[in-house]
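Reader: Please show me the structure. I would like to ask about helix packing and salt bridges.

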Amino acid sequence: DIKPANSRGRLKTALSHLPKDLQQLLNQMKIKFKAPDKPTLEDFVFMDDVKAKAELKKIGFKKVGPRKRLIARFKAMKDTYEQKAKLVLEELKKKKAAAPPKPKPVTPAPKPTTKKEEPKPAVKKIVKKKMWLPLESDPALVTRYMSKLGVDTNNWTFHDVFDLSPQGTMHIPTPILAVMVLFPISKASEANRELEEKQLVEKKTTPPDGIYHIKQTVGNACGTIGLLHAVLNNVGQLKPQEGKFFSKFLKETKSMTAEQRAKALGESKDLEVEHEVVARAGTTRADAKEFANLHFISLVKVKNVLYELDGRKSQPISHGSTSGATFLEDALKIVKKFMALTPNDRRYNIIVLAPKIQPFPQVKPIGKAPDLARQNDMIAQLKAMGIPADKAKIALEAKGWSANRAVEHYFATMM
């Protein structure tokens, strides 16, 4: 398959096909090994045919044609290459053995430093925060939730507060045990919270005894925590049922800190399931934007002191003395302070834990109804409380024109 016409060209082409490392070693041999009595590999490769024929006869080839001469030349080159390669390797071994061993590099000792090495900051492990669905501030819904967790709602329930005036709360029976407030979190409310925390640290205020407080570590659990604050600080009146969640959780966590209670709450699968059931039962979608940045707190009366209980605060906040008669009025003053922080935001809602209104039996009017002027005055009074005039008249007629009973009848059965 070799194309050049003469044997010399063919041999040169064959030599060019040697691997590069063999060619390099071949070049070294051309320089180092030149025996006087034998032609060198270079001489043998490039000699003319007559001389090559003579040389081939010396090594046993007497009659050879061009093809045989080429084969003989390549074989002679191969044998010479192998022989001289051995000599080269042996010489390299001798040189390596005779050469003194290289000294091992000495690594310099580290220079003493006067500055103390600062420890590397520990890498914080990112833990994904647990999230629940937000709870709707609906008195019927929260009452149902309270019943599931172990409070008899035949006697106790949550009531709406329609406005902050006395007329907006006169339908709520007493005693009032707790006020749950839903309000928007804003820059102003956060600044106020941070200021309160700073003052607690500066004054070295310790958490008061006898107050049940839980820290919030689960996202959107503020509604459940607000309910726990309202109920577990009023166990004497509410008497949670044995074997239900409220009584079991109180026994397990009564001696714990607020942080330990938060951990116990986050690990309660039963409570998480009940919370989700109630959250999904609301009239507003549980993931709606209306719930964004809204937060529940509770206001309770313990030992005639008004306390604000917030899972995002380190301890209960005392708002001074109060009494059973003034508790709701004092609590609504705190709510007004919250509303003053964001006067343009209307996303406030207030529900109150109090006795359930027991329906009165139908009472027939005794004697004659009052005169028309008196009837109009009484209807006007109920209308000022937000009751429509037509329904106010029906309620007054049903309750023998007793204003107090008419108001209770309206809110209990006609809303």
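The turns below take up helix packing and then salt bridges.

Author: This is a predicted model, in which local features need pLDDT of at least 70 and side-chain atom pairs count only at pLDDT 80 or more, while totals for chains, interfaces and linings use all residues. Residues are numbered from 1 along each chain as its sequence is written, and side-chain values use heavy atoms, with hydrogens and water left out.

Reader: How are H14 and H15 oriented to each other?

Author: Helices are DSSP runs of H or I with at least four residues, strands are runs of E with at least two, and both are numbered from the N terminus. Helix H14 (residues 372-384) and helix H15 (residues 389-398) pack with their axes 9 Å apart, at an angle of about 120°. Axes are lines fitted to C-alpha atoms, for helices over the stretch in contact, and angles run from 0 to 180 degrees between N-to-C directions. Angles under 35 degrees count as roughly parallel, over 145 as roughly antiparallel, 65 to 115 as roughly perpendicular and the rest as oblique, so H14 and H15 are oblique.

Reader: Which residues of H14 and H15 make the contact?

Author: Contact means heavy atoms within 4.5 Å. From H15 come Ala 389, Ala 392, Lys 393 and Leu 396, and from H14 come Met 378, Ile 379, Leu 382 and Lys 383.

Reader: How many salt bridges does a search of the whole structure find?

Author: A salt bridge is a side-chain nitrogen of Lys or Arg within 4 Å of a carboxyl oxygen of Asp or Glu. Searching the whole structure by this rule gives a total of 8.

Reader: Is Lys 313 buried or exposed?

Author: Lys 313 forms a salt bridge with Glu 196 (2.5 Å, N to O). Lys 313 sits in the loop between strand S4 (305-309) and strand S5 (317-321), while Glu 196 is in helix H7 (residues 187-202), 117 residues apart. Buried means under 20% relative accessible area, exposed over 50%, and partly exposed in between (1.4 Å probe, protein chains only). Glu 196 has 16% and is buried; Lys 313 has 5% relative accessibility and therefore counts as buried.

Reader: Where do Arg 280 and Glu 276 both lie?

Author: Their side chains meet in a salt bridge of 3.1 Å, N to O. Arg 280 is exposed at 57% relative accessibility, and Glu 276 is partly exposed at 34%. The two residues are 4 apart, about one turn of the helix, and both lie in helix H12 (residues 269-280).
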